[in-house]
Amino acid sequence: MGFLTVLRKMKQKEKEMRILILGLDNAGKTTILKRFNGEEIDTISPTLGFNIKTLEHRGYKLNMWDVGGQKSLRSYWRNYFECTDGLIWVVDSADKRRLEDCRAELHVLLKEERLAGATLLVFANKQDLPGACSSEELKDILELEKIKTHHWQIVWCSAVTGQNLLSGIDWLINDIAARIFTLD
Amino acid sequence: MDFMQERCDKITNLLNRRELERKLDIEKKRENKRQGLAEHENIDFFEKTFTAKKLEIENDLNSSLTMDSSKLANHFDMISKNILNLQKYVAASNLFLRTYDIKVCHQSLQELSSKARELEEKVLPKKKFGFKKKTMKSPPKHEDIKLNGHAKDEVDFCRRFINLNDNFCGYENKINETLVLENSKVFKKDVTLKDLECCVIKIYGTPSTIHMNHLKNCLILSGPVSTSIFAENCTNCKLVIACQQLRLHSSSDVHIYLHVTSRAIMEDCKRILIAPYNYKYDGMEDDFIKSGLDINTNNWTSIDDFNWLNTEIQSPNWNILKEIERVNDWNNFSLPSG
Ligand SMILES: Nc1nc2c(ncn2[C@@H]2O[C@H](COP(=O)(O)OP(=O)(O)O)[C@@H](O)[C@H]2O)c(=O)[nH]1
Ligand SMILES: [Mg+2]
């Protein structure tokens, strides 16, 4: 193998990103993943265990991990922290009843040492529902301003209509790329 | 003559067709058998591979105790990569694995990860100062990203007041009432039913989603819900519901007359009985179309109990409601008093 091929291979390898999708159950994590991947979303079942998808996007290889959010599964989240470049935290913006729970889980997660440095994208999902909190309100309720340990951003979206998913993912990729692939 | 010839042709045709059908049938049965076998082989193969890989990692972990300390950093790098690969392998096999296998694998993986972490901390205490090949790729450590001079998030973990009443659709805090939500009120809405006792709630039309919490002795009748129904803390209720997903938590003694187009799950539930959806009202078919739910797809028996790992034995937490015990006419049904 020539030197250039080796270099190219290395680069290809480096263009891989590991992205973890977490959030409370029913937030829309699996729907976001499948919608982003252009798959059918009507048949999605509640996630038992996890889904993994490898997607090509803008020349990056994204390894996306979607882990079930039920209480009995949350203890397994830890299994997936290693080598995470980006964290997508999905919120059901209309489920005000559980925002408190959502905020607590998020901040516990961010304390996790093995996630240190991972870029955080908060998706304010289900914006198609009347009565959904705006991303500004959520920023407040979830106390995002207090996060100093991670680069973060909140982006509104609807996985059902597909609105704004791309701009969220693009922000995430740009932030990770700027951090990791500095030699490009 | 012509007539005879025609009859003859007809009979030959018929016989030929029968023969073809018979062959197709045999072929189909054979194919089914083959598939069943393949599935079985898949699982066998998976189990063997998984166990072998797991053993390999365990051996690597053990050998770290006696290893030359200069090699340890690389050694643990390799181990964490192997664990990651094993995770990927499980994920890729998700399709044909049974729920039980997946749970078992999760548990094994978790044990491996935590053992690796423990050992690494024990035998490699000064990891931070070791040389790593891939310094570019590893994310910045805590210390490197003190934005605004703070190393830790300053979050007070006290509860905050969240205003629930904007755009509220549904009912809360009611006792002994019969209430109806009409089509135009619920269309594409997020409906809340909360803290209700001895109430009958009828929902016509197509909400986007319904959340139920703390319902006691209630009857809920609903038209098709486009996305999910999320119910928790319901006791002694009857739910007659149609939805894309049902998520039932911490509930007991609930009878569910269900139409679900994907699947239902339950967690921390007891004595749940399931029957097929049998609510009928004028315009129901139209509502199904509006909601996007397929009226002909009902997986009411597809229920995953997150507290029950075994797939061979039926979960003791739910069962099918016997036909003779089912309510057939909801219009003339009244809640048992008391
Ligand atoms: N209205 C609405 N419903 C959504 C949206 N995203 C997901 N859902 C629904 O929410 C339910 C839960 O979604 P799912 O992806 O399974 O959630 P998960 O547990 O986070 O993976 C499903 O019934 C989805 O159809 C959205 O943007 N808007
Ligand atoms: Mg899911």
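In this predicted model, ligand 1 is surrounded by residues from both chain A and chain B, so the site is shared between the two chains. The shell around ligand 1 comprises 23 residues, of which A:Lys29, A:Thr30, A:Thr31, A:Asp128 and B:Gln244 come nearest. When these residues are sorted by class, the shell around ligand 1 is found to hold twelve polar, six nonpolar and five charged residues. Helix α2 of chain A and strand β6 (219-249) of chain B each supply at least two residues of this shell, and β6 of chain B gives the most, with five residues.

Polar contacts to ligand 1 are likewise found on both chains. On chain A, a backbone N or O atom of A:Ala27 lies 3.2 Å from an oxygen atom of ligand 1, while a polar backbone atom of A:Val160 is 3.4 Å from an oxygen atom of the ligand. On chain B, an N or O atom in the side chain of B:Ser208 is 3.4 Å from a nitrogen atom of ligand 1. Of the 580 Å² of accessible area that ligand 1 has on its own, the protein covers 98%.

The magnesium ion, ligand 2, is coordinated by the OG1 atoms of A:Thr30 and A:Thr47 at 1.9 to 2.1 Å. These two residues are 17 residues apart and link distant parts of the chain, with A:Thr30 in helix α2 (residues 29-36) and A:Thr47 in the loop between α2 and β2 (50-57) of chain A. Both A:Thr30 and A:Thr47 are buried.

In chain B, B:Thr51 is found in helix α1 (residues 2-63), where the side chain of B:Thr51 reaches the backbone oxygen of B:Glu47 at 2.5 Å.

Notes. Residues are numbered from 1 along each chain as its sequence is written. Chains are lettered from A and ligands numbered from 1 in the order in which they are written. This is a predicted model: local features need pLDDT of at least 70, side-chain atom pairs count only at pLDDT 80 or more; totals for chains, interfaces and linings use all residues. Side-chain values use heavy atoms; hydrogens and water are left out. Helices (H or I, at least four residues) and strands (E, at least two) are DSSP runs, numbered from the N terminus. A polar contact is a pair of N or O atoms within 3.5 Å; within protein, one must be able to donate a hydrogen and the other to accept it, and residues adjacent in sequence count only if both atoms are side-chain atoms. Donors are N, O and S atoms within 2.8 Å of the metal (3.2 Å for Na, K and Ca); water is not among the atoms, so sites may look incomplete. Buried means under 20% relative accessible area, exposed over 50%, partly exposed in between (1.4 Å probe, protein chains only). A residue is near a molecule or strand if one of its heavy atoms lies within 4 Å of it. Accessible areas come from the Shrake-Rupley method with a 1.4 Å probe; for residues, only the protein chains shown count as cover. Ala, Val, Leu, Ile, Met, Phe, Trp, Tyr, Cys and Pro count as nonpolar, Asp, Glu, Lys and Arg as charged, and the others, Gly among them, as polar.
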